[in-house]
Amino acid sequence: MDRRDFLKTVGAVGVGIAAADASASTAVHAPPDAFGVLVDTTACIGCRKCEWACNQVNELPVQPLEEFEDKAVFAAMRRPDAGNFTVVNQWPRQEHEGNVWAKVQCLHCNDPACASACLVSALEKQPNGAVKYDPWRCMGCRYCMVACPFQIPAYQYADALSPEVRKCTFCVERISAGERPGCVEICPVECLIYGKREELLSLAHERIGAYPDRYLDHVYGEHEVGGTSWLYIAGQPFPSLGFPELGEQSPARITENIQHGIFRRFIAPVALYATLAQVMWLGSRKDEVAAAAHKAEQHGEEHHE
Amino acid sequence: MRNALLVLTALILSAAPTWARQDQGLDCKQCHVCAQPSKADPCLKQAACPRHVESTKLKADEGPDVVILDDLEDLYVPVRFQHRAHARMVAMDGGCETCHHYTPPNSDHPSCRECHAAGGHAESLKQTGLKGAYHRQCLGCHNDWDGETKCANCHEKKQGERLGGEATGVCEHSNYAPIEMKELIVFSTSYAQGDVVPFHHRNHAEKYELNCSNCHKEQSCARCHTHGAESHPMGELQKVNLHDTCYQCHGKQNCSECHGRKATDLFDHASTGWPLQSYHSRLQCRACHGDANIYVAQDRTCSSCHAQGWGAGFDHTKVGAPLDDVHGELSCEDCHTAGMGQKPDCAGCHDDGRVYDRRRGFGQG
């Protein structure tokens, strides 16, 4: 192989990776029967009953209702942690005095970055929409915590022997039994609506269409990071409610495209080894030529003498 | 011919429901998407019926005084909702339609449960359930006021025996700030001939018996009933809306009626030639001047007001001259010989030429 052939090979491999990239980044759809929850933040009153119900259902440490009637927690923005799978945050209402509230929990992505990052498939998207965690598979690497665009998974650092990654379970046991998630069941103002994701999406757009003064024309979670099972509608921009501005592609697509692209049909490894072989061959040949030249030179000198 | 009749009948029948609603002044397209909705296919709009269909004007004082909400009777003492008190409050901000948001024309407003199912979203995704509907109505305002969302604020926890539907719990956790009414507000205006307008707030509210809602319109309760209430509960003070508020009673012609007055320059009834004394000075304007917004001169004869009041039940102390036992036995005409309300004539009984003196009263010789 000469220099020209070598460049050709490298070029072909590059094109191959690019093609693999394009084919792998097709849009991700929610499982057809996925359930979801539509959160109408314009109706939320920040009563924190959803937090209490969540802790009851999931047998989380903080249990008494009185603990959740304390509004002082709204002073700082909170994130879900290993002992609280959902938290309500308070934000200043725009264009009006007063506040708005937004519940935060795992959004159960259609294309979950946490599941993609998980080396042992301890996190998996279920057909019912839930991103389910299996503590028996988990090895505790916490890559999921880094991968999640919403910074949801939390870890039981204080547990020395059997720590788990903890996050909203979407009340998998309850929804499998045909019940509604604990938070949805208790919400006194019914700002949480549980149903088939597709139906919730059309409901969300209907509401936005019917009350354009009340809602912003944006369903958060419809397209964000490839879509999420939990959907939000609001009366003001989502960044003002603590939601990150994210693209339509899941972070999993970027990392997986690179990973899968490199190993697609084994072209890149073969090319790499071929190149290395070429380099070695060229190297050894150079040595051979040099040795022959040296030998000839020696021979000449001998002859000369 | 028979066929033609059948077709005609069918047409009339199919059109009947359309007419029914049209009679009520509704446009079909408000609720239906197709031209000919039928019972089988009503083709209703996806996003429920419009919220603000109303032609029946509700009145705050016509509704019930108290409404008892006992849906959770098994768990809680029924909620005693003080309907009339709320109706009067909300008159300042949006009126009855704030809660009764759907009242089809020519009908009573339906109860919440007629549209909002008790099962909530489990029954219909599109319609908020009864629980949500109730809580949104109550907490929409209450949460704005004090941020309180405790269940026990309205739902008294049940202890022991089931109550026989009699509400005892009262949603009365009124930790809302009491309104501190201002005595005097002095407006500074750009009117050259009199830039200062003193407004005697308490005087208007108490003496002229104005309701808050006479001036404070389209304002949420929280504007006044909050701790650290806003300094301008009238909202954005605009020249136009301030003037319109005053014009409800005051004439437009005379600017100096308000502009350039001294703060101490309160209306003195004596300037009308009828100084108010004793009992009259304690009356509210409307007691004599009726419900009219603009006060006009009254007939000064006593009987023009007191025509009904001279009977046996009349309390003579109200005129500032309490009768003693002896005089209390007499009939009115025995003293008031010149007519009711006129000065009494003592000479009918007393021949010493005495004249009644209010300061001395009766029985002093």
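Q: How many disulfides are there over all chains?
A: A disulfide is a pair of cysteine sulfur atoms within 2.5 Å, and by this rule the count over all chains comes to zero. This is a predicted model, in which local features need pLDDT of at least 70 and side-chain atom pairs count only at pLDDT 80 or more, while totals for chains, interfaces and linings use all residues. Residues are numbered from 1 along each chain as its sequence is written, chains are lettered from A and ligands numbered from 1 in the order in which they are written, and side-chain values use heavy atoms, with hydrogens and water left out.

Q: Is Cys346(B) buried or exposed?
A: Buried means under 20% relative accessible area, exposed over 50%, and partly exposed in between, using a 1.4 Å probe and protein chains only. Cys346(B), at 16% relative accessibility, therefore counts as buried, whereas Cys335(B), at 21%, counts as partly exposed.

Q: Which residues touch the most other members of the largest nonpolar core?
A: A nonpolar core is a set of buried Ala, Val, Leu, Ile, Met, Phe, Trp, Tyr and Cys residues joined through side-chain atoms within 4.5 Å. The largest one here has 45 residues, and those touching the most other members are Val37(A), Phe150(A), Leu192(A), Trp230(A), Tyr232(A) and Leu241(A). A second, separate core has twelve residues, among them Ile193(A), Tyr215(A), Leu231(A) and Leu125(B).

Q: With which residues is Phe150(A) in contact, leaving aside its neighbours within four places in sequence?
A: Contact means heavy atoms within 4.5 Å, and with those neighbours within four places left aside, the partners of Phe150(A) include Arg79(A), Leu107(A), Tyr220(A) and Pro244(A).

Q: How much area do chain A and chain B bury between them?
A: The size of an interface is often given as the accessible area lost when the parts come together. Buried area is the accessible area, found with a 1.4 Å probe, that two parts lose on being put together, summed over both; chain A and chain B bury about 2000 Å² between them, 49% of it on carbon and sulfur atoms. In chain A, the residues that lose the most area to chain B are Ile45(A), Glu190(A) and Glu206(A), together 27% of what that side buries.

Q: Which residue forms a salt bridge with Lys126(B)?
A: A salt bridge is a side-chain nitrogen of Lys or Arg within 4 Å of a carboxyl oxygen of Asp or Glu, and the partner of Lys126(B) is Glu206(A), with the closest N and O atoms 3.4 Å apart.
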